[in-house]
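Visitor: I would like to learn how to read the features of a protein model, one kind at a time. Could you take me through them slowly?

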Amino acid sequence: VSNQYETLLRHVFETGTQKTDRTGVGTRSVFGYQMRFDLTESFPLVTTKKLHLRSIIHELLWFLNGDSNVKYLHDNKVTIWDEWADETGSIGKAYGYQIGVKSHYREGDMDQMDRVLFDLKQNPYSRRIMTNTYVFSDLSEMHLYPCAYGVTYNVTKRPGEEKLVLN
């Protein structure tokens, strides 16, 4: 993992484009770079920042439960979303809200994770098993646009070739 990440950093440094951003700090970026990791060997937490695992776990559970109010995070001593929460604790229609919206299917009403789990059980080889948090019609009601906007699941018949793509 470290070697791939260092290669990416070198590539961004040498060939990236300088851009301004919402923070005023700016970024240097390249478009479409991909890294691949064997999740049977390790879980890639690629960053130069110190990671607070408890916060990461609670944030992920918060998203997957379809929540967009920081109360759950506060109950678990996590404050990373406070900057974008309004006076009621809501971050608007971002992340967890999108995951938790119920849609009607032939098989019944399901949110996005319910649908993913249903498809993984009933039709695991489908090319259409995914979640999406970047819903254009709701962007104006999100307090922060999604950075990670989708996950695609791919199951193969050969052990070790299962794929999970986070965009």
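Guide: Let us begin with contact, which here means heavy atoms within 4.5 Å. By that rule Thr133 touches Tyr95, Gln98, Ile99, Met142, Pro146, Ala148 and Tyr149, leaving aside residues up to four places away in sequence. Before going further, note that this is a predicted model, in which local features need pLDDT of at least 70 and side-chain atom pairs count only at pLDDT 80 or more, while totals for chains, interfaces and linings use all residues. Residues are numbered from 1 along each chain as its sequence is written, and side-chain values use heavy atoms, with hydrogens and water left out.

Visitor: Where in the chain does Thr133 lie, and is Thr133 buried or exposed?

Guide: Helices (H or I, at least four residues) and strands (E, at least two) are DSSP runs numbered from the N terminus, and Thr133 lies in the loop between strand 5 (130-132) and strand 6 (150-154). For burial, the cut-offs are under 20% relative accessible area for buried and over 50% for exposed, with partly exposed in between (1.4 Å probe, protein chains only). Thr133 has a relative accessible area of 7%, and therefore counts as buried. A polar contact is a pair of N or O atoms within 3.5 Å; within protein, one must be able to donate a hydrogen and the other to accept it, and residues adjacent in sequence count only if both atoms are side-chain atoms. In this case, the side chain of Thr133 reaches the backbone oxygen of Ala148 at 3.2 Å.

Visitor: How many helices and strands does the protein have, and how many residues?

Guide: There are five helices and seven strands, and from the N terminus on they run α-β-β-α-α-α-β-β-α-β-β-β. Of the 167 residues, 27% count as buried, and the C-alpha atoms fill a box of roughly 50 × 50 × 30 Å along the principal axes. Among contacts with a separation of 6 or more, 36% are between residues 24 or more positions apart.

Visitor: How many salt bridges does a search of the whole structure find?

Guide: A salt bridge is a side-chain nitrogen of Lys or Arg within 4 Å of a carboxyl oxygen of Asp or Glu, and the search finds six. One of them joins Glu141 to Lys93, with the closest N and O atoms 3.6 Å apart. This pair links distant parts of the chain, 48 residues apart, since Glu141 is in the loop between strand 5 and strand 6 and Lys93 is in the loop between helix 3 (71-75) and helix 4 (96-100). Glu141 counts as partly exposed, at 39% relative accessibility.

Visitor: Which side chain does Asp114 meet in a salt bridge, and which does Arg115 meet?

Guide: Asp114 meets Lys102 at 3.3 Å, N to O; Asp114 is in helix 5 (residues 112-122) and Lys102 in the loop between helix 4 and strand 3 (103-105), 12 residues apart. Asp114 is partly exposed at 31%, whereas Lys102 counts as exposed at 53%. Arg115 meets Glu107 at 2.8 Å, N to O; Arg115 counts as buried at 15% relative accessibility, while Glu107 is partly exposed at 40%. Salt bridges that share partners also join Lys93, Asp138 and Glu141 into one network.

Visitor: Which residues have the most contacts inside the largest nonpolar core?

Guide: In soluble globular proteins, nonpolar side chains tend to be buried together. A nonpolar core is a set of buried Ala, Val, Leu, Ile, Met, Phe, Trp, Tyr and Cys residues joined through side-chain atoms within 4.5 Å. The largest has 13 residues, and those with the most contacts inside it are Trp62, Val70, Leu73, Trp81 and Ile91. Val70 touches Trp62, Trp81, Asp82, Ala85, Gly89 and Ile91, not counting residues up to four places away in sequence. A second, separate core of six residues includes Ile99, Val116, Ile129 and Tyr153.

Visitor: Which element gives the most to the lining of the second largest pocket?

Guide: On a 1 Å grid over the protein atoms alone, a pocket is an open set of points where a 1.4 Å probe fits, with protein on both sides within 12 Å along at least five of seven lines, and lining residues have an atom within 4 Å of a point. Helix 5 gives the most, with four residues, and the lining includes Arg115, Val116, Asp119 and Ile129. Asp119, in helix 5, counts as buried at 10% relative accessibility and touches Pro124 and Ile129, not counting residues up to four places away in sequence.
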